[in-house]
Amino acid sequence: MTPSRNGMDLEDIGPDISSHSHRRKNAATGASAAGVRALSAQMVAFYFRAPVKAFFRNRVDYMAFARAINPRIAEGKWSLYTTTPGLLAHAVHKYGWRFIPDQVLPPLLANAGVGAILYTSYLQVLGALHEPTSQASKRIYPPAHPSYTFVAGFSAGAIQSIVAAPLDALQVRLRTSDMLEGHYSSIWEYAKYKLREIGIRGIFAGWTLSFLRDAFGYAIFFSSFECIKSQAYYSFITQHYGSLQPRHIQSMSSSTTSDGGVPLIKPHYALEPCFLMMAGITASVAQQFVQHPLSVLQNLHFERLEYLDHQASMGHSKRQMMRHYYQAYQETFKQCQKRAIQAGGWRRWLFKGFVGSTVRQVPSTSAGLVIFELVRRKYGNPADAVHIKKDGYDILLT
């Protein structure tokens, strides 16, 4: 047994695997779980009018062209024809089945890939900071300190912002009119042409705001999620069962006992899913406090990208382009001040629509977190279990 915090003892049951093997297995576990989780979220999104955001927002709107070619969207009334399946059915009827691989599949793969990179990066960084996380176990105990999860989330968000920079650049510059007029036969062709046109400078124009939004947003997200999912859950079950009378403990204990002959208790199966849902709700709301106002600033700044693209195409030196980028941020700040004054203050302007966007994201995020955790544990070592000994009884977590 290994001593842990709060006076509790921990016993890990399972084969003795080397650290190197654990890290390799954890990398495969993270990639597999992240890939399955991200692809599942995108597939489920087809059946909802609002796309499932799960852990991440869609970097590229895969239904933009389908909405643009549907005449019922202009009416502004909800019907089965304006749902995702209805829009896809209309698009396939008009353009054939090639519409799916040409216009829908590329954004889906891009969104899923960015999500997989986020999850895998988070697990790898957290595993480097917290040794139990690097072991491919179903249950991680003792849980990682909030500072570790904050750093891991910050690093994963920063990595995601770099990888997703081309997607953000494409999404901001996407005009459905160009697709409707036949300038590009598919999203693949549009992406290839546009990235070559804007170059590296255009891809990372406005990236600073993306970095701040993703890095700090996911740092708060993962630290809030892990704090409630792990620390709060373990603290609750120990305090809850520790406050029960001996006769209640005897009635809840299983027919077996631990090695020391003390009652062996398994917490109610509904407790942990409830904490997972609670963690998802809290993490989503906390993340929105960071990402929502930064998204407002970023959307306003992106309106200047056309001017910056024009300046970059004129062959200016790196110093001149840095001056243009700096001036663009200055102009954005001045425009933000004007809009904040018109709205009645910075807080009112930055958090306009906060409740609506948060409410839309919370259900999918909470459900997504439960699915992700179940997938992760499915690939964990099934022989792993955790024993928490407290006040003459033994709590078994499997």
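The following questions and answers concern a predicted model of a protein chain and ask on what grounds some of its features are named.

Q: Why is Y148 called partly exposed rather than buried or exposed?
A: Y148, which lies in helix α6, has a relative accessibility of 34%; because buried means under 20% and exposed over 50%, with partly exposed in between, Y148 counts as partly exposed.

Q: What makes up the nonpolar patch on the surface, and which helix gives the largest share of the patch?
A: The patch is formed by L129, Y148, F150, V151 and F216, which together have about 390 Å² of accessible area, and helix α6, spanning residues 146-163, supplies the largest share with three residues. Y148 can belong to such a patch because membership asks for over 30% relative accessible area, and the value for Y148 is 34%.

Q: Which residues touch the most other members of the largest nonpolar core, and which elements build this core?
A: Among its 22 residues, L118, Y122, F222 and Y233 touch the most other members. Two or more residues come from each of α4 (99-129), α6, α10 (207-242) and α12 (271-301), and α10 gives the most, with eight residues. Leaving aside residues up to four places away in sequence, F222 touches L118, Y122, T149 and G153. Another core, of 19 residues, lies apart from this one and includes L87, L88, V104 and L170.

Note on methods: Residues numbered from 1 in each chain as written. Predicted model: local features only at pLDDT ≥ 70, side-chain atom pairs only at ≥ 80, totals over all residues. Heavy atoms only, no water. Patch = residues over 30% accessible without salt bridge, like charges linked within 9 Å, V, L, I, M, F, W, Y side chains within 5 Å. Areas by Shrake-Rupley, 256 points an atom, 1.4 Å probe, with all protein chains shown as cover. Salt bridge = Lys/Arg side-chain N within 4 Å of Asp/Glu carboxyl O. Helix = DSSP H or I, 4+ residues; strand = E, 2+ residues; numbered from the N terminus. Buried < 20%, exposed > 50% of the residue type's maximum accessible area, 1.4 Å probe, protein only. Core = buried A, V, L, I, M, F, W, Y, C linked by side-chain atoms within 4.5 Å. Contact = heavy atoms within 4.5 Å.
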